[in-house]
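Q: I would like to learn how to read a fold from its coordinates. Can we go through one together, feature by feature?

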Amino acid sequence: MTDTYGGPRTGRRPGGARKGKGKGQRTGGSRVVAVRRSAPVVREPVALPPVLTVAELAEKIEATPIEVIKELMGMGIMASINVQIDYATAARVAENLGWETLEDVPEAVQAAAADFESRRQEGQTDPDAVSRAPVVTIMGHVDHGKTKLLDAIRQTKVAEGEAGGITQHIGAYQIETQGRKITFLDTPGHEAFTAMRARGAQATDVAVLVVAADDGVMPTTREAVAHIRSANVPIIVAINKIDLPTANPDLVKQQLSELNVIPEDWGGDVPFVEVSALQRMGLEDLLEVALLVADVHELKANPHKLASGVVIEAKVDRSRGPVATLLVQSGTLNVRDIVVAGATMGRVKAMFDDRGRRVRRAEPSMPVEILGLLELPQAGDTFQVIEDERAAKQIVEQRQAQKRAESLTGERGIKLTELYNQVRTGQTAELRVIVKADVQGSLEAIQAALLKLNDSSDEVKLSIPYAGTGAISESDVSLAVTTRSIIIGFNVRPDVAAKRATDAAGVDIRYYTVIYNLIDEVKAAMQGMLAPVFEDVTDGYAEVRDTFRLPSGDVVAGLYVLDGKITRNSRARVLRDGTVIHEGGIRSLRRFKDDVREVAQGYECGLGLDSFNDLRVSDQLEFFHREEVARN
């Protein structure tokens, strides 16, 4: 056995350069001595800013710009050396090239983010927080009287008791009832409502769903319910047009119950109020219920801090410049405050309330129109007051750079392939699917079959935020973005607006014409989202017949293969008296003086193990590899 193992041959270093002659290398004779293996290179995580160019990333991770550009192309991103990319994209490139990363966020930006988050969560923890007015959004089908209901409430209960003839200057207003204020947002509908959520803004405390008593639930009503549910906002149902002879409120309750919006008098948790916007009936009851729902959720804010909140809408006025409507959610906004709103900033020059009157301060839940921003923010952007103007400029510069980078690489939608990565990193696995079909019968069959897939998996769950009939609409895409869902179309396609929205947001849409294919692919996707299952497959067994200690200090063994075979890529378990004392990889495998890829049963060989030198005569080695197996 002494000639079986001669030590590993000299090869190439990890970088590819040949080793020079030195101690322990071949010098012309036949003797070969093992070279001591160098320790693996340990890399410290590299700090990357929120936005950087391709060239800057290449320099930080010690790669060439060409290598970085190739990785970006593999991710579907075409970028040149001077193009800026965001941290998330840079981190993926760095990981593919063997680097761990940390995000190096400027202190001013970190402080602003932490401050905003603390203000947002202060309601239940801040001892100085006081009750604030609830913010209510009225939603519903276009012909069900939403606008008339808004007008009736505004004219009946204008703040401070003024009645009728008040011009609404901004997209939000406050009314006063029972000595308390309620703020109403006049949004175009559930699409705008969801778009605000997509930008991180949760402006609404209560949603009032308007359904006509003579018409019942419409497709738009179903969409509105899905958007409200996804926002986790409490619902109040206003059954409108109750004065009409064809009104049938029980039918409305039945239809909404099928959408899991169950009335309180049917054992559910959703208040239903019968109203007539035309006759101004039931408005007092509706406002009272809104206050009761607000009381249950104990809405609070601290008015003594710097202000923060959300942008309701923004426009350019020819004479006044950029004008933004803000909803203060925490703190108090004052004239002359420095405001950062989205990717712009400015000093508040003037403020106006919902009736166009100049005001100098705005407390929580108060909507105001402000002048002084340098550019237009987007509806749904968050805003906050920053005391240091220099810090405010730094925050805006960083956000503008981030926005430019995201225009190239940003995708707010989710792909099926991303869901698997979430599982791999330990996140909860949930597949959300929005289903659109051509007819109601197909829709119901698809929903039932999809939900039944949950019975076969405890690790990945499937949920359906919304299901409906008709073409895939822009509203569906908007909901998919905010709920991180994919869209399934059965015998339907997106309309033009939805296709543009899909391309912009990166939402994954799958089309099917056969239900069985749809179910099979979704099932496969759910299985693919699971962490893979591996089984050990035994390759062979061998016995240690002799051991040798090399000049490097490593111990190698002379083996006799008892069964099967040994392959260079196998892993090895060392068994001593039937007990596993080590498991690891093979460092070297040789027959006589030659490296070999495998050794079959009945042959002798020499073997060295990674990080293990305690091999003894009569030890048995089990060789195996791991194979991924399909889940049942």
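Q: Among contacts in the chain between residues at least 6 apart in sequence, what percentage join residues at least 24 apart?

A: First, a caution: this is a predicted model. Counting contacts between residues at least 6 apart in sequence, 71% link residues at least 24 apart. The chain has 15 helices and 33 strands.

Q: How much of the chain is buried?

A: Buried means under 20% relative accessible area. Of the 632 residues, 48% count as buried. The chain exposes about 31,800 Å², and carbon and sulfur atoms supply 46% of that area.

Q: How do strands pair, and in what order do the 6 strands of the open sheet stand?

A: Strands of a sheet pair through backbone hydrogen bonds, either parallel or antiparallel. Here the order is β7-β8-β6-β9-β10-β11, with mixed pairing. β7 (172–177) and β11 (272–274) are the edge strands; each has a single partner, so one side of each lacks a neighbour in the sheet. From one strand to the next, the twist averages 30°.

Q: Which helix packs on the sheet?

A: Helix α7, residues 219–230, does. It touches β6 (135–140), β9 (206–212) and β10. The direction of α7 makes about 165° with that of β9.

Q: Do β10 and β11 run parallel or antiparallel?

A: Parallel: 3 bridges join β10 (residues 235–240) to β11. Ala 238 stands opposite Val 273 in β11.

Q: Back to α7: what does it reach from its first C-alpha to its last?

A: α7 has 12 residues and reaches 17 Å, close to the 16 Å expected at 1.5 Å a residue. Its buried residues are Thr 221, Glu 223, Ala 224, Val 225, Ala 226, His 227 and Ile 228. Asn 232 follows α7 and has a positive phi, near 55°.

Q: Why do the buried residues of α12 line one face of the helix?

A: Start with the general idea. An α-helix has 3.6 residues a turn, so residues three or four places apart point the same way. In α12, the buried residues are Ser 442, Leu 443, Ile 446 and Leu 450. Seen down the axis of α12, they fall within an arc of 100°, so they line one face.

Q: What span should the 13 residues of α12 have?

A: At 1.5 Å a residue, helix α12 (residues 440–452) should span 18 Å. Its end C-alpha atoms are 18 Å apart, which agrees.

Q: Now a hairpin. How many residues lie between β13 and β14?

A: The hairpin of β13 and β14 has 3 residues between its strands. The two run antiparallel, with 9 bridges joining β13 (residues 308–317) to β14.

Q: Which strand do 5 bridges join to β14?

A: Strand β20, residues 367–373, which runs antiparallel to β14. Thr 325 has Glu 369 in β20 as its bridge partner. β14 (residues 321–330) is mostly covered: 8 of its 10 residues are buried.

Q: Last, a single residue. Which residues does Glu 103 touch, not counting those up to four places away in sequence?

A: Contact here means heavy atoms within 4.5 Å. Glu 103 touches Leu 48, Pro 50 and Tyr 87, leaving aside residues up to four places away in sequence. Glu 103 and Leu 48 are 55 residues apart in sequence, yet 5.1 Å apart in space, C-alpha to C-alpha. Glu 103 is found in strand β4, residues 101–103. It is partly exposed, with a relative accessible area of 39%.

Key:
Residues are numbered from 1 along each chain as its sequence is written. This is a predicted model: local features need pLDDT of at least 70, side-chain atom pairs count only at pLDDT 80 or more; totals for chains, interfaces and linings use all residues. Side-chain values use heavy atoms; hydrogens and water are left out. Helices (H or I, at least four residues) and strands (E, at least two) are DSSP runs, numbered from the N terminus. The expected span of a helix is 1.5 Å times one less than its number of residues. Buried means under 20% relative accessible area, exposed over 50%, partly exposed in between (1.4 Å probe, protein chains only). The arc is that of the directions from the helix axis to the C-beta atoms. Accessible areas come from the Shrake-Rupley method with a 1.4 Å probe; for residues, only the protein chains shown count as cover. Two strands pair if DSSP finds at least two bridges between them. Axes are lines fitted to C-alpha atoms, for helices over the stretch in contact, and angles run from 0 to 180 degrees between N-to-C directions.
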